[in-house]
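Please read the following report alongside the sequence and the 3D view, which are shown here.

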Amino acid sequence: MTTTATPYGQDHFGFATEQVHAGEIVGGDFGARITPIYLTAGFVFDSFDHAQARFAGEDGGLVYTRYANPTNAAVEAKLTALEHGVDSLLVASGQAAITVALLGILKSGDHFLSAPSLYEGSKTLFRENFARFGIEVEFVDDPHDIEDWRRRIRPNTRAIYGETIPNPKNDLIDIGQIAAFAREEGLPFVIDSTASTPYLIRPLDHGASIVVHSASKFLSGHGASLAGVVIDGGTFDWARYPDKFPQFNTPIGGAGSPTLVQKFGNTAYLEYTRTIIAGRLGPVLSPLNAFLLQQGLETLSLRVAQHSRNALTVARWLEAQPEVASVDYPGLPSNPSHAIARRYYPRGTGSVFGFTLHGGLADARTLIDSVELFSRMSHLGDVRSLVLHPGTTSHAHLSAEERDRLGIFPGLVRLSVGIEDEDDLLADLAQAFAALRATHASPVSVAVSELSGAELPLSA
Ligand SMILES: Cc1ncc(COP(=O)(O)O)c(C=O)c1O
């Protein structure tokens, strides 16, 4: 039961109103105002016949939390509304969301194309785990060159993949251009919007087919729990390509029965991904964690606006420091992605970005060890500001040459700028840079920093 008969998700209300109210369950037995945590594995059947009808999907009721749960459903409805989708599925983490979203489309023997700049965990998932399932990923060299995408299309290509604000290089892709290409080729475009959230961009409005998020990050904001979500735009025409996507186009219960598309229309993909992929593989989100995500979502716009403001201030400050060789923040006019940022991200470009120190590894180490307000952590999109050295952590498994090619230089430091007061963040960075300068003043340290210039591989 919701508080209003007016539908959410079609801009009947503003973003902030929808983030608070869309999907909420109000009332119940005690008049609870907040959607309760339905912490239950399953749901009672009234009778023998009732159980049979539920399993047959005849009364639309709930069966078991691995398939659906009221708390999760309320949060899914909120995310569907915020992203302008038709249906959503919550799962246990961002990695689970990416996995089930793609396994809803791909099978062994299939191939998919991806933008080259992605979260490193997605790349290893695709290159190593998906390869073991017989699914091949191919990364384009230049995501802005549509011919580079087109010439890699094969008879078994089944999807296009990318990220809105790639982590950590922030080298933005032109979502509308890639979505148009995917449409021409009859392929669904799956996009990870973790670093942007629907407050900064709604990829479905720009032609993407399916959106995934690590909801552990900005969507939750509190950093207390993991979650992931798959949101279906409902626009991809699965029925038009029965040979490419037989899972949606073969009778579900044998000859004469309807196909998934005939039965579920534009939510066929999400139904399949919920029931046959996530429901069987089992990476379900606990209703407790769905509740925590719900609490975070209610303040999403306020947090992301503050994150983006703070990040721009920090990026500008960093750009003015002589020790900094470059700042990978598209909100800066000097950044190569600035034109795309202006076109697609009028509200800001988030707060996860890298900057590279001239002094290489030694300076990165000193700086990271000197910050006090920033937490040294592998996480992002938290209300707290975080710092990480990708070269020796998230990207340490790559060769020095591969890291150099990706721009993950020894001097690269990644920030996830939080929502603290900007003066406090700048003061913390200023004292850390002062510590850095002090090491440069010492003759021994000068020799070390000269040895570890940005152009040297990490192993040097
Ligand atoms: C862009 C992006 N997608 C997905 C993930 C994976 O999310 P999770 O840690 O919730 O599995 C991350 C994690 O950092 C990420 O940055």
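The report below moves from the whole chain to its domains and then to the ligand.

## The chain as a whole

This is a predicted model, and its protein chain contains 17 helices and twelve strands. Taken along the principal axes, the C-alpha atoms of the protein chain fill a box of roughly 85 × 55 × 35 Å. The protein chain has a radius of gyration of 23 Å, which agrees with the value near 23 Å that a compact globule of 460 residues would have.

Of the 460 residues in the protein chain, 48% are buried. When contacts between residues at least 6 apart in sequence are considered, 72% of them join residues at least 24 apart.

The protein chain is divided into domain 1, covering 15-38 + 69-297, and domain 2, covering 301-451; their centres, taken over C-alpha atoms, are separated by 29 Å. Across the boundary, 24 residues of domain 1 are in contact with 29 residues of domain 2. On the side of domain 1 that touches domain 2, helix 1 (15-21) and helix 8 (197-200) each supply at least two residues, and the residues of that side divide into eleven nonpolar, eight polar and five charged.

## Around the ligand

The ligand is surrounded by 16 residues, of which the closest are Ser93, Gly94, Gln95, Ser214 and Ser216. Helix 4 (94-103) and helix 5 (120-132) each contribute at least two residues to the shell around the ligand. By residue class, the shell around the ligand divides into four nonpolar, ten polar and two charged residues.

Methods: Residues numbered from 1 in each chain as written. Predicted model: local features only at pLDDT ≥ 70, side-chain atom pairs only at ≥ 80, totals over all residues. Near = placed C-beta within 6 Å. Helix = DSSP H or I, 4+ residues; strand = E, 2+ residues; numbered from the N terminus. Nonpolar A, V, L, I, M, F, W, Y, C, P; charged D, E, K, R; others polar. Rg over C-alpha atoms; globule rule 2.2 N^0.38 Å. Buried ≥ 20, exposed ≤ 12 C-beta atoms within 10 Å, placed from the backbone. Contact = placed C-beta atoms within 7 Å. Domains from an automatic or database assignment.
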